[in-house]
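I opened this entry to look up ring contacts and charges over rings. Notes follow in the order I made them.

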Amino acid sequence: MRRWLFVWALLVSNAVHAHKPSDSYLQLKIDDRRIGGEWDIALRDLEYAIGIDANGDGAITWGEVRAQRDAITAYAMRGLKIQTSSEPCNISVSDLQIADHSDGAYAALILNGVCETAPKIIKVDYDLLFDLDPTHHGLLNLDFGGTQTAIFRPDLRHIEFRENGGAAWSTFLQYLHEGLWHVWTGYDHMLFLGGLMLPAVLRRTRQGWLPAPKLGPALLDTFRIATAFTIAHALTLSLAAMGVISLPSRLVESLVAATVVFAGINNLFPMAYRGLWQLAFFFGLIHGAAIASALLELGLPSGQRVLALLAFNLGVEAAQLTIVGVVLPISFIFRYSPLYRRAVVILGSMVITGIGLIWLIQRALAIHLISFGS
Amino acid sequence: MHLAATSRRNMGMRPIHSVIFSLGLVFSLNAYAAPYVPLSDAEVLAQVPTRLDPEARALAGLRQQLSKAPQNLDAAVAYAEEALKIGHARSDPRYYGYAEAALGPWWALNDAPQRVLVLRATIHQFFHAFDSARTDLDRALARNPGDSQARLIRATVLQVQGYPDKALADCGQLGQQVAVLISTACASSASSLMGRAKRADALLGFVLDQSKPDATDSKLWAETLRAEIAERLGRTTDAQAAYQRALATMDALGVNDAYLLAAWADFSIKQGQSSVVIDRLKGLADVDNLLLRLTLAEHATGKHDESFAQHKNMLEARFAAARQRGDAVHLREESIYQLHLNSDPSTALGLAQKNWKTQREPIDALILLEAAQATHQADAALLVKEWMRETQIEDERLNAVLGAMK
């Protein structure tokens, strides 16, 4: 007994799954008061749970399945409850057929039901096989105004759905969140924007930096720069995420580092005075292509690609606005202070340039100098 | 369309093992295929273990005992061990789920009984939850440093995670409680990834020479290691011979070891021996990993016939099913599929990078490098290069890809 355990343990990690784990496929369609659907449960799972192979010869025949129809139905329906916000709906099995999935034959329970009133909210309670196999999942495909999907697990047996777009909302929130965090945790975008914004309330003159007399024009300038940057990166981000364009990541990442260097140096030795928005537009194209890699890794949900893309873009936008919102008021308040102009702008820009340079070298030459979140 | 009662080549140790749930030869990519009513009552829809199958009977007996006393630790452990044994032999995740259910009363306890910790780690490991497995094994070994089984499993997990040095430390502490062949294989497996491949191979050869001639699981393991080491060292002739010896041991044991077969298939396809691979694997398509190698071999022969197209569709369907479920246990295989069979190197690279976060064996390094090369993204190879520097692994396959990337 002990011996097999030893060697078996060593090879087990390399074991590949010959079979799929246990899943059931539940489709439901809510149409006014009526519920229609199909629930596919693996014959193998039913055999383990209630025993269908009556003659024990190892072959489950259609005759054996048919003979066990009542037992199968009773067993399954104990594990499925559907309610509206106020009362349970009546649901039953009207027919038993067979459905083939990638790992074999399933019993297909054809479901029919009705609720007292046309529901706005549907609560599904799923509790099938969890006591026998906690790795079992119930994959739900719900047509309730629009298609929504969900996976039932032992720690998630009860899910509520709102008519039309509950899932869309959660997709939106998820991608918005991802967009926000991508910028907040992507130091290169932060540094570039910070570098661009540091002198936003100063005026670039040939004598160097002078305070802007009014907030209005400074804000307008900032707004122009931010908008151009935004439109540009939304453009490349969307194109890259949709797979229309694909650029080598080393090139893109090196260019991003180059924009950071440029933003820093331009504060120290102003090279561009006017038309900063055009420059921002060009740089935006580069940053958009870089941000797209995060989105590609995440993937876009089929059926909600546009929504997810929009949400991700809005998240990126919101994150950038927070940076502007933090940097701009501070710099406006301190714009007359020589300390701000010299120490913060000059020193800050030097730091930005330095970090940007290190990134540029690392990324362009693919060597590792120092790590700080690049 | 329906499933026919298909005859299957023996997958297990005894002929009875071949009676496993038959995978669909006919299936649909769509998870929601239209249901149908079979034509006759006699139509066979699925294969399950027969009532006479000794393993199924043993498991059923233990299940009955457990159902009488679900809180009894001995009954639960006995059932779980039997379920895991069958699950391992058949590479069938359902049995791992059955074992988890049996351990239910203790499953959520951090401070579970020792035997539960080790079994729970085994289940976590099977589902690629390597960190959870290590947490359990660390606890088990802190409690009882002499638990050889926990130590052996931890060594394996550490090696899969790409830490051969830590694995070697565990192998070194196995002591006298395990057979010499097992402790040697454990240590050689780890040290062969740390710049000591030639010494590891020589040591394995020596211990194998001393061991009895009968085929055993541990011998199969040691011979598989020798073949892999020779292959990594670029000793093609030695590797060829070592793989043949390992296959002979496997045949003598009457089993099909998916790990050995996959490694041998990868090697043989590279050597231009795809037709031999097809001959051996064509009856084993219900194991995902071997279906992948079979399809790769068919691809390598260049004649893209119906069988190739069918196998490629089957692979795609299995990956789709796993994705739908939300599983990430197929990242390595799917990456290989996307790169070599589906001509989608950028998807392959994404999968290989994701895979590298959990699995860091030489084959994981190889697929990541190959995908980086195919997409011309040299920086994607940096993590692997760093790992190669740290471990000092000797692997001609990895060196060849890196050389070609320069």
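Is A:F282 buried, partly exposed or exposed? I find A:F282 partly exposed, at a relative accessible area of 47% (buried is under 20%, exposed over 50%, partly exposed in between, with a 1.4 Å probe and protein chains only). A:F283 counts as buried at 9%.

A note on the source: this is a predicted model, in which local features need pLDDT of at least 70 and side-chain atom pairs count only at pLDDT 80 or more, while totals for chains, interfaces and linings use all residues. Residues are numbered from 1 along each chain as its sequence is written, chains are lettered from A and ligands numbered from 1 in the order written, and side-chain values use heavy atoms, without hydrogens and water.

Next I looked up aromatic pairs (Phe, Tyr or Trp rings, the six-membered one for Trp, with centres within 6.5 Å; stacked under 30 degrees between planes, edge-to-face over 60, tilted for the rest). A:F282 and A:F283 make a tilted pair, because their planes stand at 50°, with centres 5.9 Å apart. Both belong to a cluster linked by ring pairs, together with A:F192, A:F229 and A:F262.

B:Y96 is buried at 0%, and B:F126 is buried at 2%.

Last, I checked charges over rings (NZ of Lys or CZ of Arg within 6 Å of the ring centre and within 35 degrees of the ring normal). B:R63 lies over the face of A:Y48, 3.8 Å from the ring centre. B:K166 has its charged end over the ring of B:Y163, at 4.3 Å from the centre.
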